2 protein chains.
Amino acid sequence: MDPAAYKHLLAVARGERPADLLLKNARVVNVFSGKVTEGSVALAGSYIAGVGDYQKGEVVEDLQGAYLAPGLIDTHVHLESSMVRPAEYARAVVPHGTTTVVSDPHEIANVCGLAGIRYMLEASEGLPLEVLVNLPSCVPASHLSTSGASLGKDDLLPFLDHPRVLGLAEFMNVPGAVSAAPDAVEKLLAFRGRPIDGHAPGVRGKTLAAYVAAGPWADHESVAPDEALEKVAAGLYVFLRQGTAARNLEDLLPAVGPLTAARMAFCSDDRHPAELLGEGHVDYMLRLAVAGGVDPLLALRMATLSAAEAFGLRDRGAVAPGRLADLVAFGDLREFKVRAVWFRGRKVAEEGRPLFSGAPEVSEEEVRQTVRASLSRLDLRVPARRAKMRVIRAYEGQLITTAELVEPRVEGGMVVADPERDLAKLAVVERHGRGSGAGVGFVRGLGLERGAIAGSVGHDSHNLTVAGMDDLSMRTALAALARSGGGYAVALGEEVLELLPLPIAGLMSDRPIEEVRQRMDALLAAAHEKLGARSRDPFMQLAFLPLEVIPSLKLTDRGLVDVDRFELVDLWV
Amino acid sequence: MDPAAYKHLLAVARGERPADLLLKNARVVNVFSGKVTEGSVALAGSYIAGVGDYQKGEVVEDLQGAYLAPGLIDTHVHLESSMVRPAEYARAVVPHGTTTVVSDPHEIANVCGLAGIRYMLEASEGLPLEVLVNLPSCVPASHLSTSGASLGKDDLLPFLDHPRVLGLAEFMNVPGAVSAAPDAVEKLLAFRGRPIDGHAPGVRGKTLAAYVAAGPWADHESVAPDEALEKVAAGLYVFLRQGTAARNLEDLLPAVGPLTAARMAFCSDDRHPAELLGEGHVDYMLRLAVAGGVDPLLALRMATLSAAEAFGLRDRGAVAPGRLADLVAFGDLREFKVRAVWFRGRKVAEEGRPLFSGAPEVSEEEVRQTVRASLSRLDLRVPARRAKMRVIRAYEGQLITTAELVEPRVEGGMVVADPERDLAKLAVVERHGRGSGAGVGFVRGLGLERGAIAGSVGHDSHNLTVAGMDDLSMRTALAALARSGGGYAVALGEEVLELLPLPIAGLMSDRPIEEVRQRMDALLAAAHEKLGARSRDPFMQLAFLPLEVIPSLKLTDRGLVDVDRFELVDLWV
């Protein structure tokens, strides 16, 4: 800390100098005591100097009885899932009271490797939102798909010198961690002593003990209160997740109590523009928690102090002397309507509007033109060979799939899609310039009647993923993605009905978030109205069909993956 | 962590290998959830592998339903106050369930400087008690007395490389911190990001805001619940203190609740052999807290997890996978009778008896022969000059004194002691080889009738301090201390009635703690029976009469100190 700023801070705290900004008539939320006190908060530079009867400020703002709380913290988020650059993401979440996010650039790292991590750090520099970074621990997610990069501990460790890098992000390789596999041991021991975030869906009992002993500090994959409580009791911080696809928060509320709230926080993991702009962010989670019966002060503790403590951040998470002046004013503690937000002592949002714009000047050379698929030799045909084939069964609003055995519909010796049985052809085409190999299979549950939808967002390797009722539509959609450097497309025959270009790593747009939301809405409308899609969001479903670390049957560029056996399996039984 | 030990730990956690030690039939205390569960705890090497239904162990111990809790933590202690070496201290506290102490070698540093800190680190190496160290921040305590050393930030920073050094110890220079005095700023900014322990007696309001903003993380000087709650609300961890002299714990219990318990812990600060062996240590504080109405699980959280969190120690403080196997078995959660203690997976105490002995082989050359007072030129005479003199009024069981204006008793032109008014002569003689200057004054409240008592323990500079009813007895006592290299003495005329030698820095004995306790008891008996002393422990009172940072009137080797004005004042008004 700069000595001059430090001396100024202390002089304001002593009441001997006017605050740089005095927030008066506040109901100040104290997350240590769980109490609300009326008074003023004196700010000096980027810090809170004091709380109480401070009288003078160079600038004085009357909060008219609003609740003043610490800035909200999202403990685990992939910014890429917002489909916009970090600066646009900040414009979306800061007006909702978020001032710190602990991000994991896992998606872009799977596409662009170290250049992707560097880009996210540079593109989030100087924003009125602190984008902290945990380094992606599992790139690639597994050996069963082709990603754009492979990162080992020696790639990651140099980033620890960056002031916004905390430690290691969600350690998804549970079997590796638990069994002390060499590459897992290497990473986990290299980061020991630094924050290590976990990812342990459904892990319980002795496997959980081994996972915790292996090193992770936290987990955000609980889906039931007893699972969450078991993880808390084992020493993990538990992050209640409310994403666009995975919405676990309300199920977990029975686990929240005065003691466990000190070991729980909130995270979004993946939230799309529509939900960020519509429902909100951590403020939305506060609303849900309080509506579900959680004491508002406990909910706020989780969203601030507990989140900070989970990562050892002692400089924030409370309205208290010497802490960073990241603050949010709420009209009440039930609706949590955000009146204003301050970041490092500066007002950055008011009544839902960001008071900032622009973005850091960053080279995007290494993160553009990342769709390097050669589609000319792509063969989507599937010769009929036997009576039964393995088909992926997808479900609305779930990442998990099941496997079904289905009779093929055959035309001219080739298996084709069958709208009557909601049976679409599915293909995942390698797009990282590594030969454009493709896995082809079938999926039920997307609800398409005709045409095709495709995306370059395909967790976690983010190859091109396309589902359709005919090969021409599928090729049209894929070609649109190849031309636009990635994105989402809807095609019917030779026509591209709608396209959302995501030219940054095939994951993010270079447009404002409102525009991305509109284009996404248009994509959905086209899918629903012109392709007859019945699923609420078939693009979300599509994006997770290649994720070979979530059960049960998935498709990667290498073929069908039986996740339970964790190996490639043939289409035909 | 050693990879082989790590792999072994995970294998035991998975239940695939027998535990090195299996503690079965335990009621396991979970400080995260505030619940007790029945089951087994599997240990692997120095770590806890898992909690639950583990069945196999190379060694199996049946706890027969005892409560198994994390090892207890003392968050702030001067080991020197136990008057024994660290190894003996461990023998005293480990059987009471303590496995970690955060120590501040402030006393020995005031005598021996860096050599004192080094000695404490070396003498506590390898004990079955982790002696963590915060570095003394205020040596000397002030410029108003002569200490044996003066330590700046550049002296302290190199110690941060030591694995058991955490940060900076109790920052007593409150005015310096609050006003951003140069030497305070230098130290506080140099240690920013590392634990900084505080010391802010009675500091409230804006002064507290400035103090917290200056950097300290914790405080152990609260004496009333509202003071403790104000400090918690300001973001400080609050340590409830129960020392030999300062006994604040019970007064503070009304401040303990489910939320604040996460921000509170226990400390002893200074405890003598009689209290360590008689009352106990942190276990005694648990007894007091629970007797005072605190939920036993909350009390245990404070004594373990909260204490660990206060210093960012994520490797202990809970019975959970991957944490250090520092454990204590209690017969119940009311009396907290300690049945057994394990340190790093090894049983180290049972039924109140330590299962270890011996001490590290450490050179004591630099910490012995530290009483370098030349008494031959010492002049204890006080010529009578005016009608009223400033006299220190001491009180039983308090560190603070008040100032009284008293008529002198004069004989042959010299002021002498006056037993009828409980008025003793008091002298503080510099003993660090810096000229043996002496301050001479008078004190009321020790209750002596004749003779003299003296000690080389005189906070914080630890000069020789003597109080008596005649100069000959005072000289006899001082000479005894000079010969023994420090200690406590009782003298009458030319005879030394009792002597407790403390040859290590004039602060610690080289004998077993039981023997030191017996000698201390003999000293007290001699003072009571042969000098007619009425105060319960006049030696404790004596040791704090030179402490010029505690109000109101004190005596150092430089003379009388008006603590409120923080300057030297004349004996005569």
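**Rings, a sheet and cysteines**

Trainee: Hi! Which ring does B:K206 lie over, and how far is it from the ring centre?

Mentor: B:K206 lies over the face of A:Y54, 4.9 Å from the ring centre. To count, NZ of Lys or CZ of Arg must be within 6 Å of the ring centre and within 35 degrees of the ring normal.

Trainee: And what does A:K206 sit over?

Mentor: The charged end of A:K206 sits over the ring of B:Y54, 5.0 Å from its centre.

Trainee: What kind of model is this, and how is it numbered?

Mentor: It is a predicted model, where local features need pLDDT of at least 70 and side-chain atom pairs count only at pLDDT 80 or more, while totals for chains, interfaces and linings use all residues. Residues are numbered from 1 along each chain as its sequence is written, chains are lettered from A and ligands numbered from 1 in the order in which they are written, and side-chain values use heavy atoms, leaving out hydrogens and water.

Trainee: Back to rings. How many aromatic pairs are there over all chains?

Mentor: Rings of Phe, Tyr and Trp (its six-membered ring) pair if their centres lie within 6.5 Å; planes under 30 degrees apart are stacked, over 60 edge-to-face, the rest tilted. That gives six aromatic pairs over all chains. In one of them, A:F239 and A:F311 have ring centres 5.8 Å apart and planes at 35°, so the pair is tilted.

Trainee: Where in chain A are A:F239 and A:F311?

Mentor: A:F239 is in strand β12 (residues 237-241), and A:F311 is in the loop between α13 (296-310) and β14 (327-330), 72 residues apart. Helices (H or I, at least four residues) and strands (E, at least two) are DSSP runs, numbered from the N terminus.

Trainee: Are A:F239 and A:F311 buried or exposed?

Mentor: A:F239 and A:F311 are both buried. Buried is under 20% relative accessible area, exposed over 50%, partly exposed in between (1.4 Å probe, protein chains only).

Trainee: New topic: what is the strand order in the open sheet of chain B?

Mentor: The eight strands run β19-β18-β23-β22-β25-β24-β26-β27, with mixed pairing. Two strands pair if DSSP finds at least two bridges between them. At the edges stand β19 (402-406) and β27 (495-501) of chain B, each with a single partner strand, so one side of each has no neighbour in the sheet. From one strand to the next, the twist averages 25°; axes are lines fitted to C-alpha atoms, for helices over the stretch in contact, and angles run from 0 to 180 degrees between N-to-C directions.

Trainee: How do β24 and β26(B) pair?

Mentor: Strand β24 (residues 452-455) of chain B and β26(B) are antiparallel, over four bridges. B:I453 stands opposite B:V490 in β26(B).

Trainee: Which strands does helix α14 of chain B touch?

Mentor: Helix α14 (residues 471-484) of chain B packs on the sheet, touching β22 (423-429), β24, β25 (464-468), β26 and β27 of chain B, and its direction makes about 145° with that of β26(B). Contact here is heavy atoms within 4.5 Å.

Trainee: Is B:C267 buried or exposed?

Mentor: B:C267 is buried, at 0% relative accessibility. Among the residues in contact with B:R241 is B:C267, and B:R241 counts as buried too, at 6%.

Notes
Lists of a residue's contacts leave out its neighbours within four places in sequence.
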